[in-house]
Amino acid sequence: MDLEERIARRQATRGDDLFVDRSPLNPAVHLPDPVGRGPVLERLLDVLDPVFDRRLPPDAAVYGPKGAGKSALVSALFAHLNDQFGRQHRRIGTTTRAGTATDTVEFVHVDAYRTTSEFQFYHTLLDAVVEESVPRRGVGTEEFRERLVEQFSSPARKAVVAVDHVAEPSSPSGGELREWFAPVADDASLVVVGRAVPDDWDSKTVHVPEYRQHALVDILTERASRALASSALRLGQARHLAEWASGDAHDALAAAFGAADLADADGADRIRASDVDAGIADVPDDGIHVGRVFALPENRRKVLLELVSLDATPPIDEAASAIAERSDLSAATVKRFLYELAECGVLERVQTEATDGSGRRPSRTVPRFPTIPFRRFEGELRAE
């Protein structure tokens, strides 16, 4: 963000507002230029270097713990490569060293949270490499596969496809991706991004370690400078959040957003120590990335929004009835959704202390994701 943009954003905001723009503190949003990842970026560029000669790079696995910035790094790099090679919208024609002006390299970033089937995978790739709209209805997986092979039948067209969040719950495994990718494997390179290297992986790997504390402080202060009024987040608070998060940028940002949102709702002009404590408390231990929740189907997100809006977390039957009264879904459907979300790890089932008279303790569902950023951004989306 340049100086003029910073000034304009401040001028557009009243002096008593804590937030200038909420999105930079959203843990599911990536900045165009990742902070503190220079050495890792160079290693990834080393792997991708053949594209500058219009040759396919080897397949690669980018791996590291949750919150290490893998998604931010890969998505930002692919966006910059697209811009550098001269096309603003996904397709790029290379103009560097060797080759002809007709050679084309596509850099495609696929989110496996939203691409969980072979059909969705082919649809996403086709949508990235063709100009016309790709239909979702009336076309089967086989036809999409054939169309994709046809698109890469020209020797001048190549692609590098990064698939993010591989091998997480509800996401495809590395083996499934390689099977889906096989029809175009001679014309495209696969970059899998996840917490571990896929089994039987025999190509390049790039490890993304957890953030060091000073780098996490830089991320928090940079994001806060874009999102909040001047000095709303103090350096000592950023250091406290970074130390607590233990290298996990997602959790640090989620807690910082929660703290800022609570302070803003209370009319405070800066984040207080109690807000930081509450923001931290909103982030579950060993929880999931809030981006995974935003990728759920709309009806599941609607149920989750109602669930986190309840004054307490009652037993599942009571929660289903309460949510059904607030929505157009039946209690049976809501209950089924809650069980499904618990099975896939978005919610956790815990037993209550009370009994129903038969000796059984009913269970309730507890979110395994930060609820404050989800409630804020999902609520704003539904208000539009």
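Trainee: How many cavities of 30 Å³ or more does the structure hold, and what makes a space a cavity?

Mentor: The structure holds 2 of them. On a 1 Å grid over the protein atoms alone, a cavity is a set of points where a 1.4 Å probe fits but cannot get out. The volume is the space filled by probe spheres set on those points, which are joined across faces, edges and corners. This is a predicted model, in which local features need pLDDT of at least 70 and side-chain atom pairs count only at pLDDT 80 or more, whereas totals for chains, interfaces and linings use all residues. Residues are numbered from 1 along each chain as its sequence is written, and side-chain values use heavy atoms, without hydrogens and water.

Trainee: What makes a residue part of the lining of the second largest cavity, and which residues qualify?

Mentor: A lining residue has an atom within 4 Å of a point. For this cavity, of about 30 Å³, the lining consists of Val 108, Leu 125, Val 129, Phe 152, Ala 159, Val 161, Val 184 and Ala 188. Ala, Val, Leu, Ile, Met, Phe, Trp, Tyr, Cys and Pro count as nonpolar, so the lining divides into 8 nonpolar, no polar and no charged residues. Both α4 (118-129) and β4 (157-166) supply at least two of the lining residues; helices (H or I, at least four residues) and strands (E, at least two) are DSSP runs, numbered from the N terminus.

Trainee: Why are the buried residues of α13 said to lie on the same side?

Mentor: Helix α13 (residues 316-326) has Ile 316, Ala 319, Ala 320, Ile 323 and Ala 324 as its buried residues. Because they cover an arc of only 130 degrees around the axis, they are on the same side of α13; the arc is taken from the directions from the helix axis to the C-beta atoms. Glu 318 and Glu 325, on the other side, are exposed. Buried means under 20% relative accessible area and exposed over 50%, with partly exposed in between (1.4 Å probe, protein chains only). The cover over the buried residues of α13 includes α12 (298-309), α14 (331-343), β7 (347-351) and β8 (363-367).

Trainee: What makes a set of residues a nonpolar core, and how many residues has the largest?

Mentor: The set must be buried Ala, Val, Leu, Ile, Met, Phe, Trp, Tyr and Cys residues joined through side-chain atoms within 4.5 Å. The largest has 61 residues, and Leu 25, Leu 228, Leu 304, Phe 369 and Phe 374 have the most contacts inside it. Helix α9 (residues 249-265) gives the most to this core, with 10 residues. A second, separate core of 29 residues includes Val 129, Phe 152, Trp 180 and Val 184.

Key:
On a 1 Å grid over the protein atoms alone, a cavity is a set of points where a 1.4 Å probe fits but cannot get out, and a pocket is an open set with protein on both sides within 12 Å along at least five of seven lines; lining residues have an atom within 4 Å of a point. Contact means heavy atoms within 4.5 Å.
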